[in-house]
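Biologist: I am new to this structure. Please show me how to read it, one feature at a time.

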Amino acid sequence: MLLLLICLPGKSIPDSTWINIVDIDKLVHAALFGGLVGLFCWPFSKADMPRQLKLNYFLRITLAACVWGITTEFIQKYFIPGRQFDMADWLADSAGALIAYFICRRLFARKASI
């Protein structure tokens, strides 16, 4: 679903003035990538493994989401008509991923197994 949204051509995205005023676009980016990290970390919360190993996986998932964010910006720049590279979008993606990391760290990895 995330890839589908990222690959929408520029003319398919509504250009509303209220969206630009509130700059809700960055909040959407942060929420999507935060959700991505949370959903990938959640299964590890149920796994029977030491806390440090869970944190290691959470960190790897977060870094992968940040790399995915910058990759999608390049995909938009070079392959999607009407879209361009936006560093602020990648920063919002990464911020959402990092916030989700800290939430997952707090909620999902508090108990040490084994």
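Modeller: Start with Thr72. Contact means heavy atoms within 4.5 Å. Leaving aside neighbours within four places in sequence, Thr72 is in contact with Ile6, Phe33 and Asp93. This is a predicted model, where local features need pLDDT of at least 70 and side-chain atom pairs count only at pLDDT 80 or more, while totals for chains, interfaces and linings use all residues. Residues are numbered from 1 along each chain as its sequence is written, and side-chain values use heavy atoms, with hydrogens and water left out.

Biologist: Where is Thr72, and is Thr72 buried or exposed?

Modeller: Buried means under 20% relative accessible area, exposed means over 50%, and partly exposed lies in between (1.4 Å probe, protein chains only). Thr72 counts as buried because its relative accessibility is 1%. Thr72 sits in helix 4. Helices (H or I, at least four residues) and strands (E, at least two) are DSSP runs, numbered from the N terminus.

Biologist: Where is Cys7 found, and what does Cys7 touch?

Modeller: Cys7 lies in the loop between helix 1 (2-6) and helix 2 (17-22). Not counting residues up to four places away in sequence, Cys7 touches Ile75 and Ile80. Cys7 counts as partly exposed, because its relative accessibility is 29%.

Biologist: What about Gln76: buried or exposed?

Modeller: Gln76 counts as buried, at 2% relative accessibility. Its place is in helix 4. With residues up to four places away in sequence set aside, Gln76 touches Ile6, Arg83 and Gln84.

Biologist: Now the whole chain. How many helices and strands are there?

Modeller: The protein has 5 helices and 0 strands. From the N terminus on, the order is α-α-α-α-α. Of its 114 residues, 32% count as buried. Take the contacts with a separation of 6 or more: residues 24 or more positions apart account for 78% of them.

Biologist: How do I read the packing of helix 4 and helix 5?

Modeller: Look at distance and angle. Axes are lines fitted to C-alpha atoms, for helices over the stretch in contact, and angles run from 0 to 180 degrees between N-to-C directions. The axes of helix 4 and helix 5 come within 9 Å and cross at roughly 165 degrees. Helix 4 is therefore roughly antiparallel to helix 5. Angles under 35 degrees count as roughly parallel, over 145 as roughly antiparallel, 65 to 115 as roughly perpendicular and the rest as oblique.

Biologist: Which residues meet there?

Modeller: Helix 4 brings residues including Phe58, Thr62 and Ala65, and helix 5 brings residues including Trp90, Ala97 and Tyr101.

Biologist: What is the angle between helix 3 and helix 4?

Modeller: Helix 3 and helix 4 pack at about 150 degrees, with their axes 10 Å apart. These two helices are therefore roughly antiparallel to each other. Among the residues that meet are Phe33, Val37 and Cys41 in helix 3, and Phe58, Ala65 and Thr72 in helix 4.

Biologist: And how far apart are the axes of helix 3 and helix 5?

Modeller: Their axes are 7 Å apart, and the packing angle is about 35 degrees. The residues that meet include Gly34 and Val37 in helix 3, and Ala97 and Ala100 in helix 5.

Biologist: Which residues of the largest nonpolar core touch the most other members?

Modeller: A nonpolar core is a set of buried Ala, Val, Leu, Ile, Met, Phe, Trp, Tyr and Cys residues joined through side-chain atoms within 4.5 Å. The largest one here has 14 residues, and Val37, Cys41, Phe58, Ala65 and Ala97 touch the most other members. Helix 3 (24-46), helix 4 (51-79) and helix 5 (87-108) each supply at least two residues of this core. Helix 4 gives the largest share, 5 residues.

Biologist: What does Ala97 touch?

Modeller: Not counting residues up to four places away in sequence, Ala97 touches Phe33, Gly34, Val37, Thr62, Ala65 and Cys66.

Biologist: Ala95 is in helix 5 too. What is its relative accessible area?

Modeller: The value for Ala95 is 33%, so Ala95 is partly exposed. Ala95 and Gly34 are 61 residues apart in sequence and 8.0 Å apart in space, C-alpha to C-alpha.
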